[in-house]
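Here is a short briefing on one chain.

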Amino acid sequence: MSTAVAQTPKVTTGKVVLTILGSISFCHFLNDLMQSLIPAVYPLLKASYHLDFTQIGLITLTSQLTASLLQPVVGLYTDRRPQPYSLAAGMAFTLTGLVLLSMAPSFGAVLFAVGMVGIGSSIFHPESSRVARMASGGQHGLAQSLFQVGGNAGSAMGPLLAAFIVLPNGQRSIGWFSVVALLAMAVLVYVGSWYKHQYVIHRQSGAKPASRHALLSRGKVAACLAILAALIFSNFFYLVSLISYYTFYLMGRFHLPAATAQLYLFVFLGAVAAGTIIGGPIGDRFGRKYVIWCSILGVLPFTLALPHASLFWTGVLSVIIGLVLASAFSAILVYAQELLPGNVGAVSGLFFGFAFGMGGIGAALLGKLADYTSLAFVYQVCAFLPAIGLLAAFLPNLDRKAGDAH
């Protein structure tokens with residue numbers, strides 16, 4: 001690793017740079033693995049600090065809001081003043097948060113620690129998404145899918161590692177994952193060196209991307225962004241209901257032990273990872289609008305059936321839901337980047353930030369609703385969220401092959 005970091009990466013333009021895509025996807029895997037440890041150890045934290053569901057929701061809210069509020073700011077700043085090594089610097093916040101979480105003496109200290117992890121994530125996502133686009137060679141959907149699948153695979157691996165490492169060994173074992181943060185920092189120094197050389201070439205060329213899509217008015221672009229925001233709300237509000245409370249739902253309704261419930265969560269998150277890598281290439285080939293439409297609205301029958309299913313069918317339906325719903329985000333992000341091609345960092349930060357923010361707010365509100373009613377009722381309410389996917393019908397088709405936007 002030290003040899004790879006010390007070397008200057010070869011600068012390649014006009015084609016997919018697989019080494020960089022692989023590196024940034026791997027770092028996304030490591031980043032989201034560490035971030036997903038937080039909801040994965042909720043049963044441990046709930047027992048250790050005697051928390052209710054509202055407090056569990058506040059942990060998610062703190063994590064997601066710190067991971068969301070800074071992202072548009074980071075993206076906007078780096079659109080104007082690129083910071084190639086900010087990726088490695090941001091990972092230091094995540095490392096600090098993990099160490100603090102492993103020894104947190106109180107609920108307030110837990111909130112501070114997860115906030116540090118969130119800040120690290122807010123720095124990582126806008127710049128890493130920009131790097132993925134730079135290394136795409138024009139295959140933006142494929143690049144974003146490869147980048148996103150790293151994160152989703154990490155999110156799936158977190159609960160599995162929590163089940164086999166953290167739950168048996170206790171809260172202090174969370175600190176062991178600081179080694180993962182150090183590894184990510186080393187790889188990100190390598191990626192930052194490539195990014196720096198690419199920026200020099202781009203600046204020397206004098207090329208400047210358009211501030212917005214050439215065939216759409218400013219008002220139409222704003223309307224499209226509003227629709228995409230509504231779709232993000234639908235997507236992530238539902239996803240957070242499963243990511244934050246699925247294990248408690250299984251433990252309460254089907255009387256599963258915590259470790260077994262974590263395995264069900266791992267399977268669901270694995271389906272999310274698979275759906276992510278499918279969505280981008282399909283969007284490149286057939287158009288992103290259709291991927292967005294089908295992935296969000298198409299999951300509605302399965303979300304409606306989930307609250308009434310047996311344990312077996314709950315597992316099956318959660319896999320289908322994760323597979324279909326997750327294919328939307330890469331398509332939404334690339335669609336938004338194509339609306340505002342001169343503001344890739346700001347768009348990435350805005351949509352990652354909005355997604356995380358919706359997840360945090362959703363976790364807090366759904367936790368409060370679960371305290372007053374039940375998790376079964378929460379899933380019955382959330383089942384209707386994918387119907388918001390009908391709004392995708394109003395998005396113009398930006399597919400290059402169509403030759404126009406209509």
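Arg-288 has a relative accessibility of 10% and counts as buried (buried means under 20% relative accessible area, exposed over 50%, partly exposed in between, with a 1.4 Å probe and protein chains only). The model is predicted: local features need pLDDT of at least 70, side-chain atom pairs count only at pLDDT 80 or more, and totals for chains, interfaces and linings use all residues. Residues are numbered from 1 along each chain as its sequence is written, and side-chain values use heavy atoms, with hydrogens and water left out.

- Arg-288 and Glu-338 form a salt bridge, at 2.9 Å from N to O (a salt bridge is a side-chain nitrogen of Lys or Arg within 4 Å of a carboxyl oxygen of Asp or Glu).
- This pair links distant parts of the chain, 50 residues apart: Arg-288 lies in helix α11 (residues 288-297) and Glu-338 in helix α14 (residues 327-339). Helices here are DSSP runs of H or I with at least four residues, strands are runs of E with at least two, and both are numbered from the N terminus.
- Both Arg-288 and Glu-338 are buried.
- Arg-288 also has a salt bridge with Asp-284, at 2.8 Å from N to O.
- Asp-284 is partly exposed, with 24% relative accessibility.
- Shared partners join Asp-284, Arg-288 and Glu-338 into one network of salt bridges.

**The Arg-130 pair**

- The count of salt bridges comes to three.
- One of them pairs Arg-130 with Glu-127, with the closest N and O atoms 2.9 Å apart.
- The two residues sit three apart in helix α6 (residues 107-134), so about one helical turn separates Arg-130 from Glu-127.
- Arg-130 is buried at 11% relative accessible area.
- Glu-127 is buried at 0%.

**Helix α2**

- Helix α2 (residues 18-40) has 23 residues and should span 33 Å at 1.5 Å a residue (the expected span is 1.5 Å times one less than the number of residues).
- Its end C-alpha atoms are 31 Å apart, which agrees.
- Of the 23 residues of α2, 18 are buried, so the rest of the structure largely encloses this helix.

**Confidence**

- Mean pLDDT for the chain is 84, and 90% of its residues reach 70 or more (pLDDT is the predictor's confidence in each residue, from 0 to 100).
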